[in-house]
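Hi everyone, thanks for making time for this.

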Amino acid sequence: MLDRRDAVAAILRRRGRALVVTGLGSPTWDVAAVADSPHNFYLWGAMGGAAVVGLGLALAQPSRRVLVLTGDGELLMGLGSLATIGAERPPNLSVVVLDNERYGETGMQASHTARGVDLAAMARAAGFPAASTAATAEELDAALPALYGGAGPVLLVVKVLATQPPVRVPLRDGTHIKNRFREALLGPQASG
Amino acid sequence: MDESQPVWSQYIYQALKEAEIGQVAYVPDAGHKDLIELCHADARMRTVSLTTEEEGVALLAGAWLGGTRGVLLMQSSGVGNCINMLSLVEECRFPLLMIVTMRGQWGETNPWQVPMGQAAAAVLATCGVIVQHVEATRDLAPGVAAAAQMAFVSNRAVALLVSQRLIGAKKFD
């Protein structure tokens, strides 16, 4: 089990030109605290939608790696999205699940991954060519090249401790988050 | 039903081409059958088959982040599946173009289609989606063009509800 902020820092240190989408709750707080960037799109709601926002972005920007960082509860709400992504096979999409086996924002109730549900196995069964689980710093380090360079879609479950690091509230206004992202990615086209 | 589906689906397809739609997300519906086939055959349209309609709302938000316009095709029963995901569109002012083929509205013979069909327009409006109705095939092309313009230029969610009277009621009797 890894510290979630250490894991996010290790993942995003190597992001290069990757575009990042975060799922609501802790993954949004983690990414904003560790590596804010206009190339990050933060979700504060729309539970179950993060991976598919990443799919739409990956199809629209085939030359860029798209990295979705989300939580186990968030992905469990949109499990059908694994089937949709598996069927579409976007080669430039990677999904990282920061899996604390808890619903962290609502009182740390056990999620289904604490009770035997294996998200990496589900992703493989849905057609992801690469899906694995990392529970140590060494395993995470070994998984990073595939996350950024492997033929996607890639899913990486990172087992993290059920801690709640201090929340540094990131950008809140959705329209601003969207416009900041589009201006950074598309330049003058963004207003068109 | 004044023209057959292969004919009026062409009107929608041509209007989507003119609106430069690059991603077509759908949950299959008999009313959209020909349109889905036209979009699949078009190399400039990326079709994405969804497991549930709410995925399409999120997908097209991602497409817009990446500079691509999309359309979401569904039947009226799918509207209810979209409710919470529409908060993404409302809060972020994402453009969203939805074309909804209606069931439970005009001569319906499957009673299970009636509740969501009757609720669809009110549900969409409650979630901040601008609802526009098409009752005749002659209004399809201008209806799609106007909805697309409002969606992508004014950054709004617009749903075009295609009447069951236009599509023709499927017979279960």
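Let's begin at A:Arg89, which sits in the loop between helix 5 and strand 4 (93-99) of chain A. Its phi is near 55°, and that is a positive value in a residue other than glycine. Keep in mind as we go that this is a predicted model.

There's another loop in chain A to point out, the one between helix 7 (137-149) and strand 8 (154-159), and A:Pro153 lies in it. A:Pro153 is joined to A:Gly152 by a cis peptide bond, with omega at about 0°.

Okay, on to where the two chains meet. How many residues does each chain bring to the contact? Chain A gives 29 residues, and chain B gives 26 residues. For chain A and chain B, that comes to about 2,100 Å² buried between them, with 60% of it on carbon and sulfur atoms. Which three residues of chain A supply more of its buried area than any other three? They are A:Glu88, A:Lys178 and A:Arg182, and together they account for 23% of what chain A buries against chain B.

A:Glu88 comes up again when we look at charges. The count between chain A and chain B is one salt bridge, and we can find it where the side chain of A:Glu88 meets the side chain of B:Arg46, at 2.5 Å from N to O. Polar contacts across the interface come to 12 residue pairs, both partners at pLDDT 80 or more. On the chain A side, helix 3 (50-60), helix 5 (80-88) and helix 8 (174-186) each supply at least two of the residues that touch chain B. By class, that side of chain A divides into 14 nonpolar, 10 polar and five charged residues.

Over all chains, a search of the whole structure finds 10 salt bridges. One pair to look at is A:Asp30 with A:Arg4, where the closest N and O atoms are 2.6 Å apart. This pair links distant parts of the chain, with A:Asp30 in helix 2 and A:Arg4 in helix 1 (residues 4-12) of chain A, 26 residues apart.

Now for the empty spaces. You find where space is left by rolling a probe the size of a water molecule over the atoms. The largest pocket holds about 290 Å³ of space. Its lining has 19 residues, and those nearest its centre are A:Leu24, A:Gly25, A:Ser26, A:Gly104 and A:Glu105. Helix 2 (26-35), helix 4 (72-77) and strand 5 (102-103) of chain A each give at least two residues to that lining. By class, we get seven nonpolar, seven polar and five charged residues around the pocket.

What about cavities of 30 Å³ or more: how many does the structure hold? The answer is one, and the largest cavity has about 40 Å³ of space in it. Its lining is made of B:Leu60, B:Trp64, B:Thr68, B:Gly70, B:Pro95, B:Leu96, B:Leu97 and B:Phe152. Helix 3 (53-65) and strand 4 (96-101) of chain B are the elements that give two or more residues to this lining. Sorted by class, the cavity lining has six nonpolar residues, two polar and no charged.

That's my tour, so over to you.

Conventions:
Residues are numbered from 1 along each chain as its sequence is written. Chains are lettered from A and ligands numbered from 1 in the order in which they are written. This is a predicted model: local features need pLDDT of at least 70, side-chain atom pairs count only at pLDDT 80 or more; totals for chains, interfaces and linings use all residues. Side-chain values use heavy atoms; hydrogens and water are left out. Contact means heavy atoms within 4.5 Å. Buried area is the accessible area (1.4 Å probe) that two parts lose on being put together, summed over both. A salt bridge is a side-chain nitrogen of Lys or Arg within 4 Å of a carboxyl oxygen of Asp or Glu. A polar contact is a pair of N or O atoms within 3.5 Å; within protein, one must be able to donate a hydrogen and the other to accept it, and residues adjacent in sequence count only if both atoms are side-chain atoms. Helices (H or I, at least four residues) and strands (E, at least two) are DSSP runs, numbered from the N terminus. Ala, Val, Leu, Ile, Met, Phe, Trp, Tyr, Cys and Pro count as nonpolar, Asp, Glu, Lys and Arg as charged, and the others, Gly among them, as polar. On a 1 Å grid over the protein atoms alone, a cavity is a set of points where a 1.4 Å probe fits but cannot get out, and a pocket is an open set with protein on both sides within 12 Å along at least five of seven lines; lining residues have an atom within 4 Å of a point. Grid points are joined across faces, edges and corners, and a volume is the space filled by probe spheres set on the points.
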